[in-house]
Amino acid sequence: MNVLPRKLKSGLIGVLLATACVSASSMARQTALVEDHPSLTITLRPETADARTVTGITVEQHILLPGPSRRLTLSAPLRFAGLVPVGSAISELEVTDAHGRVDITTSDVAPPGGSLVRHWTSTHDVNGDVLVRYQLPLAPFAQSGPPFGVKAAGHGIAGNSGSLLVLPDLPDLRRSILRWDVSKMASGSQGVIAGGSDAVTVGGPPEALLDRWLMAGPLAAGQQRHGAGFNAYTLGSPPFDKIEMMAWSRRVYASLSKAFGYLGEPDYLLLVRALDAPSYATGTASVASASSLITVGSPTYLPGQGEEKVKGTIAHEMTHNWVGYFGDQAAPWFSEGLTVYVSATLPCETALRPWTDCAAEINRWAKAYYGSKAAVWPNDRIEESPFSEEDVRRVPYGRGMMYFANLDAEIRSCSKGRRTLLTALRPLFEERREGKPITVKRWEAWLKHEQGLRGVSVFRQTVLEGQLIRPRPDMFGRRLRVTRTSGKERGGTAIEYAWDAKR
């Protein structure tokens, strides 16, 4: 349902680097280059009590600083993604080099337009092998909210790397490694990190290690061994069959790969953590690292929750990987609206969910749109609303779903079923993959090609200016039937719509 806040995300996507096979001579040149420049190895070691329950995390950083001595500065946001305490939660931070303990000073700085960042700076120059060590507590249990904080689940932990890392300010850093040490965890434990298995190596700035979902403990795996394509792991004891759920998720992955087409069968990591008390099913995707973390509770569901809610959350977060983002603005009508539309219909079109479930999903988002006081607000006004007004901020999700459903129905009708919205969008996605971001200008050019000036006008009037979207009778296909109802329950429009599965 959530993705990393755009200001943070936009700075991360550009530094996540793909790995590639290289020749022996090229590898030798790279090794020499690394030896002439700083390198960083970060080890995450969960600390446990006698019962092997995780109580906190020790982080060790080995920094190699060749060449002349220099001052070392380490940095971390006071709150990662504006939510999880990091800089303010760190304890027992110490820095040592070949001469012993290094004294440090601490300061908090607010960059222009940003949030407070804590800096730790050495009082004298250092070089050679430098060791940084600190400790962090686990994030407390909560029944809802984004899963960025590293929380306990069973005898393990899971969360986002950004809530654990203090990074050195080293512009000439060439290689960074993030890895698990599960030696103190329960028997049979293993670790996994998005972008790798139990370790990940990146080139360039260490910020490439941020926004990576990670998990460690006695994990249930959805595959015999970690490899290319789809990988899934579950931690804890969820109120469903974890193996069957991961197998179902693999089929969703296959259907998304086929429907979108432009990515082939990409690497993707799905992590499911079952907290140690009942919790709402929530999830957050990281498009940059092709992964998502789903949070559920145990041993039972909360009222209104169930296996189908979990499936809907998994399908939604996985779909983000193919939908992606706009390049010049947040555009939740696109990133969330298209994701809602695809995840609420494709699983039923491919027989992975019954149409009654898809109707319920569609009705939930339609009500969030038509029933909101912001249903006819312009997009700019919605974007200016505070995040605390969730009723307002969710309007682009439902508005986008309705817009794309109508657009898909028109494309299918005009082509007599030969084309769909996703096949029509494929060239636009392929161009984005080649480095041409989707912007409003390029989007409207695509619309003009598909539907002429009328399509551009409809987009501006409904999505951007807030004119209410009237559904086509066939907008969700032949398996669903639409009825018109009255609204105004929460100050929304006087018109609402609902869908039910035809028998």
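Trainee: What does Trp 443 touch?

Mentor: Leaving out residues up to four places away in sequence, Trp 443 touches Phe 326, Trp 333, Phe 334, Tyr 403, Phe 404, Leu 407, Leu 425, Leu 428 and Phe 459. Contact here means heavy atoms within 4.5 Å. Keep in mind that the model is predicted: local features need pLDDT of at least 70, side-chain atom pairs pLDDT 80 or more, while totals for chains, interfaces and linings use all residues. Residues are numbered from 1 along each chain as its sequence is written, and side-chain values use heavy atoms, without hydrogens and water.

Trainee: What makes a nonpolar core, and where does Trp 443 come in?

Mentor: A core is a set of buried Ala, Val, Leu, Ile, Met, Phe, Trp, Tyr and Cys residues joined through side-chain atoms within 4.5 Å. The largest one has 84 residues. Trp 443 is among those with the most contacts inside it, together with Phe 334, Leu 338, Phe 404, Trp 446 and Phe 476. Another core, of 58 residues, lies apart from it and includes Val 130, Leu 173, Ala 194 and Leu 214. In soluble globular proteins, nonpolar side chains tend to be buried together.

Trainee: How many aromatic pairs does a search of the whole structure find?

Mentor: It finds 26. Rings of Phe, Tyr and Trp (its six-membered ring) pair if their centres lie within 6.5 Å; planes under 30 degrees apart are stacked, over 60 edge-to-face, the rest tilted.

Trainee: Why is the pair of Trp 333 and Phe 404 called stacked?

Mentor: The centres are 6.1 Å apart and the planes 20 degrees. Trp 333 is in helix 5 (residues 332–335) and Phe 404 in helix 10 (residues 395–414), 71 residues apart. Helices are DSSP runs of H or I, at least four residues; strands are runs of E, at least two; both are numbered from the N terminus. Trp 333 and Phe 404 are both buried. Buried is under 20% relative accessible area, exposed over 50%, partly exposed in between (1.4 Å probe, protein chains only).

Trainee: What kind of pair do Tyr 370 and Tyr 497 form?

Mentor: Their planes stand at 65 degrees with centres 5.1 Å apart, so this pair is edge-to-face. Tyr 370 is in helix 7 (residues 355–370), Tyr 497 in strand 25 (residues 495–501). Tyr 370 and Tyr 497 are buried.

Trainee: How do you know that Arg 381 has its charge over a ring?

Mentor: The rule asks for NZ of Lys or CZ of Arg within 6 Å of the ring centre and within 35 degrees of the ring normal. The charged end of Arg 381 is 3.5 Å from the centre of the Trp 377 ring and sits over it. Arg 393 sits likewise over Phe 387, at 4.1 Å.

Trainee: How do you know that strand 4 and strand 10 pair?

Mentor: Pairing takes at least two DSSP bridges. Strand 4 (residues 73–77) and strand 10 (residues 117–122) have five, so they pair. They run antiparallel, with Leu 74 opposite Trp 120.

Trainee: What makes strand 9 and strand 14 edge strands?

Mentor: Their open sheet has the order 9-10-4-14. Strand 9 (104–109) and strand 14 (167–168) have a single partner strand each, so one side of each is left without a neighbour.

Trainee: Is Gly 477 buried, exposed or partly exposed?

Mentor: Partly exposed: its relative accessible area is 29%. Gly 477 lies in the loop between helix 12 (440–464) and strand 24 (480–486).
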